[in-house]
Amino acid sequence: MATDISIPTNTKTVSFQLDGKEITLRTGRLAMQATGAVEIRCGDTQLLVSCTESKNAREGIDYFPLLVDYEEKLYSVGRIPGSFPRREGKATDRAVLVSRLIDRPIRPLFKEGYKQDVMIVAVCMSADQVNPPDTLAMLGASIATEIAGLPFAGPIGACRVGRVNGKFVANPTYEQMAESDIDIVVAGTESSIMMVEAGCAIVPEKDVLAAIDYGHQAIKVQVELQKKWMKELGIVKKEFIPEEKSEELAQIVRDHAGPKLKQSIDGVTEKNVRWEFVSGAEKAVVEAIAQLPDDNVIKTFKSSKIAAYLEEHEAELMRAQVLETGKRADGRRPDEIRTITCEVGVLPRTHGSALFTRGTTQVLSIATLGTGMDAQRLDSIEPVKEKRYMHHYNFPSYSVGEVRPNRGPGRREIGHGALAERAIQFVLPEDADFPYVLRVVSEVLSSNGSTSMASTCGSSLALADAGVPLKHTVGGIAMGLIIEGDRFAILSDIQGLEDFLGDMDFKVTGTRDGITALQMDIKVEGISLEVMRIALDQAKRGRIHIIDKMDACLAEPRKTLSKWAPRIISLRIDPEDIGTVIGPGGKVIRRIIEETGATNDIQDDGTVLIASVESEGGEAARDWIVRMLKRIEVGAIYSGRVTRIIPVGAFVEVLPGKEGMVHISQLENRRVEKVEDAVAVGQRVIVKVREIDDRGRVNLTIKGVAPEEKAAAEKAAGIVSEPEKTEETE
C-alpha cells in the first residue's frame, strides 16, 4: 500500500563566524526522511549529517545501540577511487577515527536507559582540501540530533585548535596546521568539556590547557547558536521516562552480593582472582532469586538486567572506597603506578622488539624498517598522500582470557593504534637524516587496562632497539576519575575495573619535557578545566616515573641497526639523469636490482635511496649508478665488456648502459681478418677512447692502449691478463 510522504519545501539557514571563517548551517532541503538532518559548510567543504531513530525499540538489550558512520566520497575532490571496482569500499582508517570523534562526546549525553536504535551518518560531499571536515562533522552530528528531538542532554560544540606563530587559531586550515605545534580537537557543552583528542610537538601542560580553554570558548558560541536556532525551528525534545528500578532486586544484590564484591576490591591485584569473587557474588544473587515465590516479578528478569544491578552495586562500592579511604581496588594509592618491567631485543630476527609489562597488562611491540617503496599510499580526500610511520595495534581474544575469532582490527584497535602512532611521530628523526619507512606492530598479550599506553611505551623502546635515532623517550599513562558531587579522585595508571566503572579515561603521552598526544573521554556530563589541570599534573609525575623505568632498560637508541635491517645509501643525481638510471621500460633499473640484490627508490628531486640487507649489494648498486652517470672522456681508459659483434667491429660497454665501437682495424697490432678472431661476446677488454664524433658516437681502440695503461686498468678491474699474441706464439 502506497504511503503519501509530505516533503517540506521550506529550508532554514543560519551562519556564524569562527576566527574569521564563516560556517553555514541549512536544514529542510536534503534527507527529509531522516529524523533530523543538516547541511554544514565552511569554504567549499560541505557535509550532510543525518540522525535517524528506529521506529521501535529492541527488546532485551543492555546497552544504547548508537551507530556513527563518517563517510568520505572521493567525488568530493573530483577523483575516481583507485580500487579495482572503482568505488568506495570499507571505511578508511581516517574515516573510522572521525566516526570515533563524533561518537565519543555524543554518546554519554543520551539519557540513561534510552535504548532506541540511533544512527548518525556524516557524509563529506565536497572537500576543498583547505578546511578539514572532521570538526564540522562533529558539530553537524549535534545539530542533527537536536533537530531529531531525541532525549539528548546537548547540544555540544566541537573545535580544532592550532597554534601558529604563538597565536591560537580555531578550526585552522591544512596549511596553518602544517605550521602548528598543537593539533587539539575539543568537544563539550557550554559548561564542561566532554572529549579531547590532541597531538603536540612536546608542548608543556599549561599550553595544552590554554589551547583547550580557547577551544571551549568557541564551543560556547556554537552551543548558544544551536539553542537559539532550535527554538526558532520549534524543536521539542521527546519525553523519555526510564524504566523504574526494582528496589527489591537492588536490596537482594546488596545483601547477597555485597560481601563478595567487597572482597573483590580489597587489595586484589590479580584479575582472575577478582573474577572469582565477582562470579561468587553473581551465584549468590541467582540462588537468592531462586528462593523467591514463583509469582515474584524478579523471576521474569533477564540475566542481563540482573547483571546491570550487580555492576551498579560494584561501582558504588569501588567508588565509595576510593573517595572515603583513598584505597583503590588493588590496594594502590590514587597516584601509585603498578610494577613495571621492560625488555628489549626479545625476538632474534626482527629489526627491533620490546616487551613492556605494567601490572597484568603486557604488550610486545615490534619495529620494522623499510624503504620509501614501503610507505603507505593514502587514497583519501585529505592533502596528505602517504605515511612513512605506521603503528598497528592488535588485541587478540586470549589477552583477556576469552574465546572468539580474530577477524581483523575493529574501530577500537584502529583508534588505539592511531593514538600510539601520534604519540611517537613527534620524536622521529627527519626523513633526510634517516630515510626509512617505519612500522611498529603492538601485540597485546595480556590486558588489564591501559594497553594503548603500554603500546606507546613498547613502541618507543622497540624503535630505539632497532637503532632509530629518536629525539626523546616517549612514555604514556592512562588516568581515571571518580567524581561524586564536589568530591573527586584522580587515579593514575587505571586498570580495567577503574576504566569500566570510573568516570573518565584520560590518556597522556609525552617526554620528560612535554606532551606529544592526549585523548580524553568522559562518561559523565563533562569536567572542568581545573580537574583537567590536576589530572595533567598528576599524569606528568607518573609519565616521568615510567620513562625512568624505560631508560633504565635502554637509555638511548642503539648506535647500529640490526644486521637484518636494510642499509640505505643516499645518492643525489641530476634529475635529468633519472631516465638514464631507469632505462627504457625500466630495463636498466631492473638489471641493477637483479645483479646487486639492492632496491632503488628514485625520487623526483634526484634523490636515490639504495637499500640492501647486505652492505656489499648496496655499494655495488651505488657504484653502478655512479659509473653509469659518468661522462665518457676522450683519452680515458676503461675496462669494458663486448656486447655484440658486427663485420666491421665490436661494441664494448664501457660504462653501464653506454657503449662505444672498436673498429676491426683497432682490435690488434696486426691485420685481423674477422672480428671473431680477436674478441668474443662477453669478453672483458681494456679500451681507450679515440674520439667522440659530432653525432655523439664513441670510437674506441684496443691496440692503442699502452702496455703500462693496460696493466694498470687490468689491476684496477681485477683482470688476470693473458700473454699477448705474436707471430712467434702463433
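I call a residue buried under 20% relative accessible area, exposed over 50% and partly exposed in between, using a 1.4 Å probe and protein chains only. The model is predicted, so I keep local features at pLDDT of at least 70 and side-chain atom pairs at pLDDT 80 or more, while totals for chains, interfaces and linings use all residues. Numbering runs from 1 along each chain as its sequence is written, and side-chain values use heavy atoms, with hydrogens and water left out.

Most residues other than glycine have a negative phi, and most peptide bonds are trans. I looked up S450 and found a positive phi near 65°. S450 sits in the loop between strand 17 (437-446) and helix 9 (451-465); helices (H or I, at least four residues) and strands (E, at least two) are DSSP runs numbered from the N terminus. At 9% relative accessibility, S450 is buried.

N171 also has a positive phi, about 45°. Its loop runs between strand 8 (167-170) and helix 3 (174-179), and N171 is buried at 11%.

Next I checked the peptide bond between G154 and P155: it is cis, with omega about 5°. P155 is in the loop between helix 2 (134-148) and strand 7 (157-164).

**Cysteines.** I count a disulfide when two cysteine sulfur atoms are within 2.5 Å. That gives zero disulfides. C124 is in none, with the nearest cysteine sulfur, in C42, 12 Å away; C124 is buried at 0%.
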